[in-house]
Amino acid sequence: MVQELLKGLGITFRRMFNKPVTLKYPDEKMPMFPRFRGRHHLQRYDNGLERCVGCKLCAAACPADAIYIESDENRPGHRVSPGERYASTYEINMLRCIFCGYCEEACPEDAIVLGKDYEFATYNREAMIYTKEQLLDGPEKGFGEPYIRSGAKPPSYA
Amino acid sequence: MNDIVFKGIDTPNLRQLAVYEANGGYAAVRKALKDIKPDELIEMVKQSGLRGRGGAGFPTGMKWSFVPKVSAEPKYVVVNADESEPGTFKDRELMEKNPHQLLEGIILAAWAIGSHKSFIYIRGEFAHIAKILEAAALEAEARGYLGKNIFGSGFDLDLVIHRGAGAYICGEETALLDSLEGFRGQPRLKPPFPAVKGLYGGPTIVNNVETLSFVPFIVNEGPAAFRKFGTEKSPGTKIFSVSGPVKKPGNYELPLGTPLRKLLEEICGGMLGGHELLAVIPGGSSVPVWNKDYLDVPLDFESVAAKGSLLGSGGVIVMSSKTSMVAATLNLTRFYRHESCGKCTPCREGTYWMEKVLGRIHRGLGMPGDLELLLDLCSTLEGRSFCALGDAAAMPVRSSILMFRDEYEARIREAAGGKTPETAGSR
Amino acid sequence: MTEPKMVTCTIDGRTVTAPEGTLLTDAAKMLGIQIPIFCSHHRLKPLGACRICLIEKEKTGKPVIACAEMVAEGAVFHTQSEMALKARKGIMEYLLVNHPLDCPICDEGGECDLQDTSYEHGIGSSRFVEMKRSFDIVDLGPIVVLDRNRCIVCARCVRYCNDIMGDSALTIEERGFHSQINTRDGGELECQQCGNCIEVCPVGALTSRPYRFKARPWDLKQTETVCNFCSNGCTFHLGRREGTLVRARAKKSHGVNRDFLCARGRYGYEFPTSPERLHFPRIRQGGSLQRAEWSDALGQAVRAIQAARSAGKAVTALASARLSNEDLYLLQRLVREVAASPHLDHRLEQRAPLPGPLLKSLAAFPALPVSAIATLGSALVFGEDVNEEQPLYGTSLLREVHYRRMPVVVAHSRRVRLMQEAASGLPYRPGSELAAARGLLKSLAAHQGAAGPAEEVRKMTAGWSWEALASGSGLTEAQFEKAAATLYSGGSRAIYFGSQALRAAEAPDLVRALIDMALVSGASLVPLWDRSNSQGALDMGVLPDLLPGYEAAPAPGWNTAEILRRSASGEVGVLILAGADPLAHFPDRKLAENALRKADFVLSLDLFETDASEMAHVSLPLRSYAESDGSVTNSERRVQALRSAANPVGESEAGWRIFERLATGLGSAWNYADLLALQEEIRARVPLYKVLGRRMGPAATSWALPGASLPGAQPVGEGKAPAAAAAGTLRVESGNSIFHHGMLSQHNKVQLKLLPGPTLFLAAEDAARLRLAEGDLALLEGPGGKVEARVKIGGPSGPGVGFYPDHFAGAEANRLFGPESPFADIKISTLSAAVHS
């Protein structure tokens with residue numbers, strides 16, 4: 001029995017001189033793996049128009065039924081996306097979302113991409129329903145880099 | 001040469017009724033309305049072996065016999081004078097110079113099927129010929145050859161001369177009928193064929209100008225006299241409209257079965273100086289093109305078809321070595337794209353697509369695989385379209401690629417390393 | 001009719017036997033083989049333009065089109081051979097040459113024929129690398145959006161509009177590759193706005209403006225139910241997204257209508273989920289209605305009924321003919337059995353309701369399905385603007401007139417659409433329906449042999465003088481003769497009659513004349529009732545003199561007019577208004593107001609606040625058809641299922657549940673576990689309704705009155721000729737417009753776009769005479785009072801006869817027309833002229 005005890009303590013002593021594997025979160029953050037799927041981002045084109053056309057294919061693909069969209073028509077004087085149609089409401093329920101990335105796969109416009117954020121903690125459930133304003137990347141994120149992973153260059157729309 | 005319909009065609013003032021009558025005109029009508037029963041007349045035309053001269057070569061007597069004897073709806077005779085086939089200009093000369101011969105043919109056809117109303121649907125661009133026909137019809141009516149109680153036989157026949165509005169498709173008989181009724185000129189679904197249900201729902205025969213112009217001769221001289229010309233299956237004569245760099249282009253009436261070489265070398269006097277024969281289209285633009293290996297083919301319906309082309313309307317288009325086959329084919333395809341009525345998918349989209357592909361080859365922007373694409377497009381168009389216009393658009397392209405593939409390939413090779421297809425499309 | 005010759009042919013190695021002339025697409029369908037189609041449509045003649053249905057026919061050498069090819073004895077077809085597949089693949093590639101790949105934003109995406117066929121036959125990528133053509137997207141009015149980029153020029157819309165609807169509003173422009181759809185003049189659509197062009201479009205070229213981008217097909221919860229407006233009983237799918245109904249769509253090849261819907265059916269889906277709906281029971285307190293609990297509201301009603309009974313006062317009920325059979329059945333049981341009163345009716349608009357025996361005679365005629373019109377020899381349409389009021393019948397008749405010149409006689413006071421194309425028209429003077437019917441009957445009887453009812457009728461009509469009939473109706477003997485000859489020129493015949501005949505002051509005599517006509521000519525007789533379940537209300541015995549199943553009531557009660565008269569004189573204890581609003585619909589508005597004021601207790605069940613519900617003592621929220629299960633019976637006596645498509649609004653309750661709770665409150669031992677239990681009881685008690693609850697719907701057969709034989713010849717009384725219109729006035733009639741139906745459709749925004757408010761339709765020459773222009777606001781003064789209305793030229797008006805559709809609260813026709821006749825001479829003055837730019 002002593003033998004086993006020493007064997008176990010031996011491992012403990014050996015590890016004593018290794019660097020710790022834990023991080024002092026939230027002061028320190030772990031780098032995410034390249035294929036990590038975190039919070040969704042809605043993308044824009046260079047000229048500021050939204051990529052999303054409100055086609056609801058992401059909602060159809062979503063196995064958790066986490067996405068809710070209402071679409072409307074672009075009108076002269078109120079242009080939101082390049083085509084005829086845009087999403088007037090875009091909501092993702094992060095409590096339901098399983099971060100499978102199917103929405104990203106389904107999107108014909110590369111409008112929705114899953115980013116690296118994972119900090120969702122909040123004090124109420126309502127706040128877990130992310131609205132379009134929260135999901136849409138604003139100008140401060142910089143346009144023209146919508147493809148987080150694909151590396152392809154998006155077509156430019158006048 | 002010029003034995004039947006073109007006989008005495010250059011007689012001065014032949015378009016005047018008096019001159020026409022002096023040359024034996026309207027004898028056939030007098031004879032028929034007095035002595036020949038409608039059934040006998042149809043039988044005579046059948047025996048003569050007369051075949052439609054508009055392009056399809058359908059036996060005329062057979063067509064007439066399809067018309068029901070008794071019909072609740074009125075029967076109609078419609079003359080297809082919408083001569084729009086590129087390379088064909090025979091009906092034009094017939095109507096210009098000898099309109100009464102056509103009128104006589106119409107009266108005989110109407111007598112044969114028991115129709116009291118006839119129409120000439122004349123190509124819109126033939127405005128001056130419509131005037132000639134109108135003048136001739138008025139003259140004939142004044143003499144009692146048209147209208148009520150012709151020659152006191154109790155037989156009535158009205159004639160309406162209707163000008164088309166310039167659509168190639170209206171040369172297709174059912175599209176012609178739609179256009180005549182005031183609708184968009186688009187072919188109708190067959191069956192029912194016009195002989196059963198045509199204009200305004202009544203039994204209708206639609207015949208070409210040249211076809212009907214033969215009928216007075218058959219009545220006057222008998223079917224046997226007609227059969228003296230031509231071959232067993234393609235009896236009689238046919239007008240060939242020769243165009244291109246030959247010494248004497250023009251309309252020539254020749255017995256069917258005359259070899260192409262004789263037509264081009266003897267009658268037309270061979271090629272113009274500096275030109276060398278490259279290709280011949282034997283029957284108007286809608287048929288497959290030949291290269292110079294086919295000069296000895298006799299020009300009758302069977303022999304031409306046996307050699308992979310069609311006699312069509314007899315418009316012989318000669319092309320010399322100075323012609324680019326790619327450009328010529330593109331030109332034809334552009335014509336069919338413009339003239340497609342848009343009813344059926346393959347013709348509407350296929351002609352457009354083929355023009356685009358030929359266009360990029362012609363502009364030196366062709367890509368490897370374009371010829372296979374074109375041949376594939378042809379096979380999707382040919383036999384799949386609503387009417388023959390689709391076939392007509394596909395056949396010249398296919399034959400031209402098969403006969404002159406080297407030229408196409410050379411064009412595409414020149415283009416290698418050229419621009420991208422996207423820029424080729426946007427002019 | 002002669003039996004069609006049967007021929008046998010082989011498709012994909014399986015033999016099929018079909019009547020000669022069957023199209024190959026249909027024959028293949030019999031075998032369960034699907035051949036893709038775009039331009040072909042079951043209601044239209046074959047066109048053969050799109051070529052997607054190419055299949056191989058042995059010994060032909062080239063593919064043939066299945067949509068126009070007919071079955072032939074011994075012919076062998078292959079739909080999946082190499083030749084057929086290659087041909088279709090080629091056509092598919094051609095179709096996609098110019099079709100944009102915008103399925104994600106296309107409203108058709110997910111239920112698109114081109115998309116489906118592309119999955120099956122497409123090659124995945126196109127070899128066409130050039131630019132596609134492009135057009136701007138245009139609105140063709142308030143309903144239709146046209147995106148020419150997606151159009152495949154199948155011309156279905158053009159042909160449907162022209163051949164079936166008779167509107168010719170769409171056309172193909174340009175030719176060849178430039179072919180495109182446009183309206184006649186390039187502007188907005190001038191048509192009935194039926195939206196069938198959208199329905200028949202196999203791609204997303206024509207889409208619906210109201211539904212635009214509202215939902216994708218897969219996030220709609222679709223429920224098959226029956227339209228609640230007219231009595232055609234069209235089947236449709238109500239699509240719900242997140243609690244709101246967003247569209248109605250006919251189910252392809254299903255229902256009596258197959259894929260047809262009219263403007264009001266297609267866009268009448270909004271009112272069930274309208275925010276204006278009544279949500280709670282209300283009790284009158286201190287002069288106004290206040291929200292209350294169900295138990296209190298029902299308790300008050302129960303006490304009122306008990307009080308009326310102990311005071312010896314009558315308990316009466318007026319029902320809407322839009323309620324389901326189950327609602328109506330329990331209402332009549334409540335009134336008859338629990339309240340022991342025979343006074344109930346559902347006919348509010350009819351001045352002279354048909355007596356019970358006459359209704360039973362009508363029921364004795366065998367039912368005739370709408371689909372029978374396709375094989376009918378000839379038809380008479382009497383006193384009904386079928387295309388406005390009963391659109392399914394209207395378009396079915398119009399189709400046959402167009403496609404096979406079916407001889408049709410149309411008798412109406414206005415030159416209605418069908419009359420304009422019919423072989424024979426009888427445009428009688430307004431109010432002279434009976435004289436016109438008598439004239440036609442006289443001509444019809446004169447044509448027939450000596451046997452049977454014809455002889456009796458001839459004897460009766462012999463004494464009628466042509467002069468009197470002609471001067472009475474404004475028609476000539478020759479016109480009657482021509483109409484009779486037209487009706488006799490077809491083999492099998494049918495006589496249709498509708499609202500104008502039923503609302504006439506002499507309706508019973510008129511219906512007797514129509515019965516005689518049917519007997520004399522051997523025609524089927526089809527009444528086209530007003531409301532979706534008028535037939536059911538008759539069958540369920542919501543009548544003063546008939547019990548369910550057309551049994552004569554032992555002691556006949558009061559009809560609508562009588563109930564209201566008695567109520568006005570203080571004899572009525574309780575007046576139950578089950579979805580009925582006599583103020584809006586009863587011809588004598590003043591009497592109705594008096595009746596509601598004088599009744600001891602008024603119980604109103606309704607969907608919305610109406611004039612009547614606001615006068616009630618207790619108002620209960622009723623569920624609409626879209627929230628209820630049940631059944632309704634259409635004009636062809638087909639019992640069809642209603643299925644709830646939306647969640648109930650507020651605390652609203654189904655009619656039959658309310659009646660059940662009233663009955664139990666009154667001490668009855670009713671206890672229906674569910675709707676099926678109630679249907680079980682109806683089946684047992686009403687033998688007509690054996691089909692109920694089992695095989696309801698389009699597949700069910702129409703019921704027939706058991707043991708009924710055709711009635712004998714009916715004596716027809718003489719009517720009085722209407723006076724000529726007074727000078728300076730216009731004779732105006734009322735009825736349903738194609739855009740609305742009754743009073744419910746005013747809660748539908750789309751329908752309000754099509755006909756926004758009170759409108760007077762009149763002919764151009766009348767407008768000129770009265771100095772009125774399109775869009776003017778006019779003051780109409782009639783015997784009943786004054787209303788304001790917009791002037792519209794044309795529409796369902798006729799020369800000398802205006803038309804005032806009755807759909808808007810505050811401007812009901814009974815505020816304008818007098819109680820005596822269904823038409824009135826109206827004085828019209830311009831209030832403000834339309835601003836013309």
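Colleague: Leaving aside neighbours within four places in sequence, which residues is Asn2(B) in contact with?

Modeller: This is a predicted model, in which local features need pLDDT of at least 70 and side-chain atom pairs count only at pLDDT 80 or more, while totals for chains, interfaces and linings use all residues. Residues are numbered from 1 along each chain as its sequence is written, and chains are lettered from A and ligands numbered from 1 in the order in which they are written. Two residues are in contact if their C-beta atoms, placed from the backbone, lie within 7 Å. With neighbours within four places in sequence left aside, the contacts of Asn2(B) are Lys7(B), Ile9(B) and Glu253(B).

Colleague: Is Asn2(B) buried or exposed, or something in between?

Modeller: Asn2(B) is found in the segment before α1 (17–22) of chain B, and its C-alpha atom is separated by 9.5 Å from that of Asn251(B), 249 residues apart along the chain. A residue counts as buried if 20 or more other C-beta atoms lie within 10 Å of its own, as exposed if 12 or fewer do, and as partly exposed in between. Asn2(B) has 15 other C-beta atoms within 10 Å, so the class is partly exposed.

Colleague: How are helices α3(B) and α9(B) oriented to each other?

Modeller: Helices (H or I, at least four residues) and strands (E, at least two) are DSSP runs, numbered from the N terminus, and axes are lines fitted to C-alpha atoms, for helices over the stretch in contact, with angles from 0 to 180 degrees between N-to-C directions. The axes of α3 (residues 38–48) and α9 (residues 209–221) of chain B come within 10 Å and cross at roughly 100°. Angles under 35 degrees count as roughly parallel, over 145 as roughly antiparallel, 65 to 115 as roughly perpendicular and the rest as oblique. The two helices α3(B) and α9(B) are therefore roughly perpendicular.

Colleague: How many nonpolar residues does the contact of α3(B) with α9(B) have?

Modeller: From α3(B), Met44(B), Val45(B) and Ser48(B) meet Val215(B), Ile218(B) and Val219(B) of α9(B). Ala, Val, Leu, Ile, Met, Phe, Trp, Tyr, Cys and Pro count as nonpolar, Asp, Glu, Lys and Arg as charged, and the others, Gly among them, as polar. In the contact of α3(B) with α9(B) there are no charged residues, one polar residue and, as nonpolar residues, five.

Colleague: Which chains share the most contacts?

Modeller: No contact joins chain A and chain B, whose closest C-alpha atoms lie 15 Å apart. Of the two pairs of chains in contact, the pair that shares the most contacts is chains B and C.

Colleague: Over which residues of chain B does pLDDT stay under 50?

Modeller: The mean pLDDT (the predictor's confidence in each residue, from 0 to 100) of chain B is 93, with 97% of its residues at 70 or more. The stretch where pLDDT stays under 50, for which the model has 16 contacts beyond four places in sequence, is residues 418–427 of chain B.

Colleague: What share of the residues of chain C count as buried?

Modeller: Chain C has 26 helices and 35 strands, and its C-alpha atoms fill a box of roughly 90 × 65 × 65 Å along the principal axes. Among the 837 residues of chain C, the share that count as buried is 60%.
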